[in-house]
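Subject: Structure for you to look over

Hello,

I am handing over the structure we spoke about. Please look through it alongside the notes that follow.

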Amino acid sequence: MIAWIDLAARGEAEVVTSPMTLVEAYDGRTSEQRWDWVLSRLKVADIGKDEARQARRLLADAKQHGHKYAIDAVLAVIARQQKGQVTVFTSDVEDLELLVPKSIVVKKV
């Protein structure tokens, strides 16, 4: 992920995520300064009622529900909104693949 963040810093890629993903990813070992550095290189998508509705529909279509899938669903909505070639990085490839079209690449981190 650091390589992708470096690409974003050089303007060679856009790294977009949800605020929920950032909160989930924080592990307590990262200093505030390092956290701010990473955040400065990311685009954090705004999440509102429309995105919540879309995420709920994605989960319903995939016959999933609950907090285990909520962040994946929001990330899938954000991925679907992006232009061009989109890659989603996740620790749970199988669940995310149920929520995005085949044109979006899902890779394990």
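There are five salt bridges in the structure, which is a predicted model. One of them joins the side chains of Asp27 and Arg29, with N and O at 2.6 Å. Asp27 has a relative accessibility of 41% and counts as partly exposed, while Arg29, at 74%, counts as exposed.

Another salt bridge pairs Arg53 with Asp50, with 3.2 Å between the closest N and O atoms. Both residues belong to helix α4, and because they are three residues apart there, about one helical turn separates them. Arg53 is partly exposed, with 42% relative accessibility.

The salt bridge between Lys68 and Asp95 also has its closest N and O atoms 3.2 Å apart. This pair links distant parts of the chain, since Lys68 is in helix α5 and Asp95 in helix α6, 27 residues apart. Asp95 has a relative accessible area of 11%; the cut-off for buried is under 20%, so Asp95 counts as buried. Setting aside neighbours within four places in sequence, the contacts of Asp95 are Gln64, Lys68, Tyr69 and Asp72. Lys68 and Asp95 also belong to a network of salt bridges that includes Asp92.

Which residues have the most contacts inside the largest nonpolar core? They are Ala76, Val88, Leu96, Leu99 and Ile104, in a core of 21 residues. Helices α4 (49–61), α5 (67–81) and α6 (93–97) are the elements that contribute two or more residues to this core. The biggest contribution comes from α5, which gives eight residues. A separate core, apart from this one, has six residues, including Ile5, Val15, Val38 and Leu42.

Some of the packing around the largest core can be followed from Ile104. Beyond its neighbours within four places in sequence, Ile104 is in contact with Ala79, Arg80, Val86 and Val88. Val88 and Ile104 are both among the residues with the most contacts inside the core.

Val88 can also be located relative to Lys108: the two are 20 residues apart along the chain, and their C-alpha atoms are separated by 8.5 Å. Lys108 is part of strand β4, which covers residues 105–108. Is Lys108 buried or exposed? Its relative accessibility is 59%, so Lys108 counts as exposed. Leaving out neighbours within four places in sequence, Lys108 is in contact with Thr90, Ser91 and Val93. With Ser91, the side chain of Lys108 reaches the backbone oxygen at 2.7 Å.

Last, the surface. Met1, Trp4 and Val109 make up a nonpolar patch there, and their accessible area together is about 290 Å².

One is the network of Lys68, Asp92 and Asp95, where Asp95 is buried. The other is the surroundings of Lys108, including its contact with the backbone oxygen of Ser91.

Regards

Definitions and conventions
Residues numbered from 1 in each chain as written. Predicted model: local features only at pLDDT ≥ 70, side-chain atom pairs only at ≥ 80, totals over all residues. Heavy atoms only, no water. Patch = residues over 30% accessible without salt bridge, like charges linked within 9 Å, V, L, I, M, F, W, Y side chains within 5 Å. Areas by Shrake-Rupley, 256 points an atom, 1.4 Å probe, with all protein chains shown as cover. Salt bridge = Lys/Arg side-chain N within 4 Å of Asp/Glu carboxyl O. Core = buried A, V, L, I, M, F, W, Y, C linked by side-chain atoms within 4.5 Å. Buried < 20%, exposed > 50% of the residue type's maximum accessible area, 1.4 Å probe, protein only. Helix = DSSP H or I, 4+ residues; strand = E, 2+ residues; numbered from the N terminus. Contact = heavy atoms within 4.5 Å. Polar contact = N/O pair within 3.5 Å; in protein donor to acceptor, adjacent residues only side chain to side chain.
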